[in-house]
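The exercises below walk through one protein model, each with a worked solution. Please look over the sequence and the structure before starting.

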Amino acid sequence: MDETTPEDGQAKKKGGMVMTIAGVAIVTLVGAGGGWVLGGMIAPPPPAPPAAVAAPAAAGAHGEGGAQEAGIQPISTEANGIVLLDPITTNLAYPSDNWVRLEVALMFRGPTDVPLSQEIHQDILAYLRTVSLQQIEGPRGFQYLRDDLQERVDLRAKGRVSKVMFRTFVIE
């Protein structure tokens, strides 16, 4: 007959507990390592150092005649030029006591065109003066405004501007 003592049962329980803890630790380490590897493969490339971005921006600002006076700041990137327009602050058509402030950046296909940027700035300003508050209320109204501005810029730039990027939009 096989008789076990109480000490043998305790030893089996401790051995099973140690194996469970070791298994959980191994699975946790494998999962963390796999997440780190996948995160490294999916993550976007690191941004360019600030000195590399600031030098072309400074060179472009001095090379453009009236860009600094108008407050339009061209920023050069590798393939596309981005121009930050002056903030646009104007009152709406109705109610006229409501004001809108809009900051927009334009992404050009190829080299930046500061005179065209100034024309687009004035065109956006003139358009915003015709908009009523009811037209731009809510997410759908904001999307319509974005679509309308993109269409106006496309017509004015004849395809040289690839994207209109909203930086800020405030209605007061």
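**Exercise 1.** Is Asp 154 buried, partly exposed or exposed?

*Solution.* This is a predicted model, in which local features need pLDDT of at least 70 and side-chain atom pairs count only at pLDDT 80 or more, while totals for chains, interfaces and linings use all residues. Residues are numbered from 1 along each chain as its sequence is written, and side-chain values use heavy atoms, with hydrogens and water left out. Buried means under 20% relative accessible area, exposed means over 50%, and partly exposed lies in between, with a 1.4 Å probe and protein chains only. Asp 154 has a relative accessible area of 34%, so it is partly exposed. Asp 154 is placed in helix α5, which covers residues 138-157, where helices are DSSP runs of H or I with at least four residues, strands are runs of E with at least two, and both are numbered from the N terminus.

**Exercise 2.** Which residues of the largest nonpolar core touch the most other members?

*Solution.* A nonpolar core is a set of buried Ala, Val, Leu, Ile, Met, Phe, Trp, Tyr and Cys residues joined through side-chain atoms within 4.5 Å. The largest such core has 24 residues, and Leu 106, Ile 120 and Ile 124 are the ones that touch the most other members. Two or more residues come to this core from each of β4 (99-109), α4 (114-128), α5 and β5 (161-171), and α4 gives the most, with six residues.

**Exercise 3.** Where do Asp 113 and Arg 160 lie, and which parts does the pair tie together?

*Solution.* A salt bridge is a side-chain nitrogen of Lys or Arg within 4 Å of a carboxyl oxygen of Asp or Glu, and the structure holds six of them. The side chains of Asp 113 and Arg 160 form one, at 2.6 Å from N to O. Asp 113 lies in the loop between β4 and α4, whereas Arg 160 lies in the loop between α5 and β5, so the pair ties together parts that are 47 residues apart in sequence. Asp 113 is partly exposed at 21% relative accessibility, and Arg 160 is partly exposed at 40%.

**Exercise 4.** Is Glu 103 buried or exposed?

*Solution.* Glu 103 has a relative accessible area of 14%, so it is buried. Glu 103 forms a salt bridge with Arg 101, in which the closest N and O atoms are 2.9 Å apart, and Arg 101 is partly exposed at 34% relative accessibility.
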